[in-house]
Amino acid sequence: MTTAAALTVPTASGLLGAVTPGTAHADADAAPPAPGLPDFAPVPAEAFGPALNANGYYVGRISGDLYWVTDGYYQAMFLSTARGVVVVDAPPTIGHNLLRAIDDVTRANGRSAKVTHVIYSHSHADHIGAAALLGGPDTVRIAHVDTAHALARDADPRRPAPTVTFTRRHEVEVGGEHLLLEYHGPNHAPGNIFIHVPAHDTLMVVDVLFPGWVPFGNLGFSQDVPGWITAHQTALDYPWQTLVGGHLGRLGSRADAETQLAYVSDLKSSTQAAIASLDPTEFFAKYGPTGNAWAIFKTYLSAVAEAAAAPVAAKYTGVLGAADVYTVDNAYTMLESLRIDGDVLGPFGIR
């Protein structure tokens, strides 16, 4: 996986007081941290991506005329073609910087900066909430039918409705470039698709793989946890060398995908073991006489999640960023999925 040097335009500081990946960040004008906030383990250097430019973003070449953009928190991808630009996702935190990045690239290669196609990975506003900034009335906007249904429900003018939808597979051809869009079922969200660019050995799948980091809390707030877990292997079944995961500051590799799959597998095994080993007697004894059923559930399930997370967080701290931040939350969601989806009910099973 190789990435060209950042293209820069001197402007004001970036959004959100954005971090410069790979370096410590301190804003001289920012208020000091509130007392009592927790300390966490250092983030491994390998988790960080390239430094941001003065405008608060990085744009780099993946291969040929395929580029990615990040602000250290979110990512988008675009393909500069002989007929215009194809953009995949438009995170609000990147916002106008995505247009600046496109201008950077097309100014250098002499091609049109006009956005002819916008592809939505899925419906969530944190990934496509700046889509209205891209293109105009004639822009082709492509999404899965489930994404179209969600956007129709939300009626958000910042996320214009797609003009082209598909159910399983759709190929985009623009200016001699090809992108393959495929849907393999619900995972993070209904309609969350895999975007494969075979000529550039690149796969974009959003909110499934988080290169260099553990998944965001509650397994990325995924709506179908078994489908989300399956999506890891589905991603690995594609032929690719570069991954655009939609989050954080760097691109991913196949090794990153394997590492996250191992983390998720370890978390699932540890959660199953914790359910089997944690004695629920004290929780029923404490709260049963009061009739507070929710207190029994809350304290028991939280204790299982803590027990399940401990060995996994210890194993991956120093390997994946924020292993000590989100593993308890991820264990709790894994536990709920095992109970609801997997019928691993522990003390709440058939009597």
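Biologist: Which residue in β2 is the bridge partner of valine 59?
Modeller: Valine 69 is the partner of valine 59. Strands are DSSP runs of E with at least two residues, helices are runs of H or I with at least four, and numbering goes from the N terminus. Two strands pair if DSSP finds at least two bridges between them.

Biologist: What sort of model is this?
Modeller: It is a predicted model, in which local features need pLDDT of at least 70 and side-chain atom pairs count only at pLDDT 80 or more, while totals for chains, interfaces and linings use all residues. Residues are numbered from 1 along each chain as its sequence is written, and side-chain values use heavy atoms, with hydrogens and water left out.

Biologist: Back to β1 and β2. How many bridges join them, and do they run parallel or antiparallel?
Modeller: 5 bridges join β1 to β2 (residues 66–70), and the two strands are antiparallel. Glycine 60 stands opposite tryptophan 68 in β2. The hairpin has 2 residues between the strands, and glycine 64 there takes a positive phi near 55 degrees.

Biologist: And how do β2 and β3 pair?
Modeller: They are antiparallel too, over 5 bridges. Valine 69 has alanine 76 as its bridge partner in β3. That hairpin has 4 residues between the strands, and glycine 72 takes a positive phi near 90 degrees.

Biologist: How many residues of β2 are buried?
Modeller: 5 of its 5 residues are buried, where buried means under 20% relative accessible area, exposed means over 50%, and partly exposed is in between (1.4 Å probe, protein chains only). Leu66, Trp68 and Thr70 point one way from β2, while Tyr67 and Val69 point the other way. In a regular strand, side chains alternate between the two faces of the sheet.

Biologist: What is the order of the strands in the sheet?
Modeller: The open sheet has 7 strands in the order β1-β2-β3-β4-β5-β6-β7, with mixed pairing. Its edge strands are β1 (58–63) and β7 (164–166), each pairing on one side only. From one strand to the next, the twist averages 20 degrees.

Biologist: Which strands does helix α1 touch?
Modeller: Helix α1 (residues 96–109) packs on the sheet and touches β1, β2, β3 (75–81), β4 (84–88) and β5 (115–119). Contact means heavy atoms within 4.5 Å. The direction of α1 makes about 30 degrees with that of β3. Axes are lines fitted to C-alpha atoms, for helices over the stretch in contact, and angles run from 0 to 180 degrees between N-to-C directions. Helix α3 (residues 145–154) lies across β6 (140–144) and β7, at about 105 degrees to β6.

Biologist: Different topic. Where does histidine 170 lie?
Modeller: Histidine 170 is in strand β8 (residues 169–174). Histidine 170 is partly exposed, with a relative accessible area of 22%. Not counting residues up to four places away in sequence, histidine 170 touches Ile142, Val164, Leu179, Leu180 and Leu181.

Biologist: Is threonine 333 buried or exposed?
Modeller: Threonine 333 counts as buried, at 13% relative accessibility. Threonine 333 belongs to helix α9 (residues 323–340). Its contacts, leaving aside neighbours within four places in sequence, are Asn218, Leu219 and Val225.

Biologist: Last one. How many helices and strands does the protein have?
Modeller: The protein has 9 helices and 12 strands. Buried residues make up 49% of its 351 residues. The C-alpha atoms fill a box of roughly 75 × 50 × 35 Å, taken along the principal axes.
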